[in-house]
Amino acid sequence: MIPLVSPPPPAAPPAGPLLPTTLPPLTTALPRLPGLRPVRPQLWLVATEAHRDTVTRYAPLVLDAGELARAEEFRRSGDRATYLCAHVGLRRLLGAHLGVAPRTVSVARAPCPCCGEPHGRPVLTDGHPHFSLSHCEGLSLIAVASTPVGVDIERVPAAHTVAEASEVLHPAEAAELAVLAPAHRPAAFARVWTRKEAYLKGLGIGLGADPSAEYVGAGPVPSAPPGWFLADVTVPDGHHAAVALRR
């Protein structure tokens with residue numbers, strides 16, 4: 001009789017904030033990256049200043065015409081450089097996963113879950129691996145995963161922004177912010193907002209959905225929606241970031 005072998009237990013999601021890997025400069029070739037594990041997103045942080053000097057020369061060799069045109073729409077040179085560094089970095093990482101040159105990676109848009117039009121989350125032609133990209137001034141965060149994933153990185157906002165934007169949060173999240181001392185509210189708002197936007201990007205909806213509809217929590221530990229893993233990501237002071245991954 002052949003003994004029955006129990007299947008391995010499902011992988012447990014990592015606990016606590018996740019630490020991204022710093023993307024090496026363009027002059028350093030990326031090796032073929034390891035396979036992706038369930039509920040284990042690979043996270044990469046891209047510092048604009050570390051790549052800015054070389055990305056201007058490298059971008060035309062890697063990015064498509066649409067991306068180059070989008071970069072030119074940024075009026076501030078710093079925002080333009082961050083965009084280029086983020087998108088070149090993404091193609092480098094996807095190329096390393098696929099074993100192809102970055103310039104041959106073809107990125108498209110999935111159908112929107114709300115209307116079916118082709119402006120959903122970015123995807124590869126065959127749908128794998130899944131990825132997400134977010135950038136703010138000077139920093140970008142990239143996630144690559146085996147299931148749909150979303151990331152968001154933001155600067156901690158000014159106090160007046162928190163007061164104006166809290167009304168778009170879930171009522172319980174707004175209540176959690178209201179009981180905090182005023183000096184602590186901007187960081188808590190950035191924490192809840194990045195969690196929320198990462199989740200909505202993972203769904204492929206983004207801010208086309210009502211951000212007040214789903215509770216993700218403003219406290220130290222995120223509250224993941226059913227079927228999702230949600231975690232904060234450790235990023236430089238003055239910023240907050242989060243990742244959401246479908247289980």
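Trainee: Is Cys-85 buried or exposed?
Mentor: Cys-85 is buried, with a relative accessible area of 3%; buried means under 20%, exposed over 50% and partly exposed in between, for a 1.4 Å probe and protein chains only. This is a predicted model, in which local features need pLDDT of at least 70 and side-chain atom pairs pLDDT 80 or more, while totals for chains, interfaces and linings use all residues. Residues are numbered from 1 along each chain as its sequence is written, and side-chain values use heavy atoms, without hydrogens and water.
Trainee: How many disulfides are there?
Mentor: The count is zero, a disulfide being a pair of cysteine sulfur atoms within 2.5 Å.
Trainee: Now helix 6: what span should its 19 residues have?
Mentor: Helix 6 (residues 185-203) should span 27 Å at 1.5 Å a residue, and its end C-alpha atoms are 27 Å apart, which agrees. The expected span is 1.5 Å times one less than the number of residues; helices are DSSP runs (H or I, at least four residues), numbered from the N terminus.
Trainee: How many of the residues of helix 6 are buried?
Mentor: Helix 6 is mostly covered, with 15 of its 19 residues buried.
Trainee: What follows helix 6?
Mentor: Gly-204 does, and its phi is positive, near 90°.

Technical notes. Helix = DSSP H or I, 4+ residues; strand = E, 2+ residues; numbered from the N terminus.
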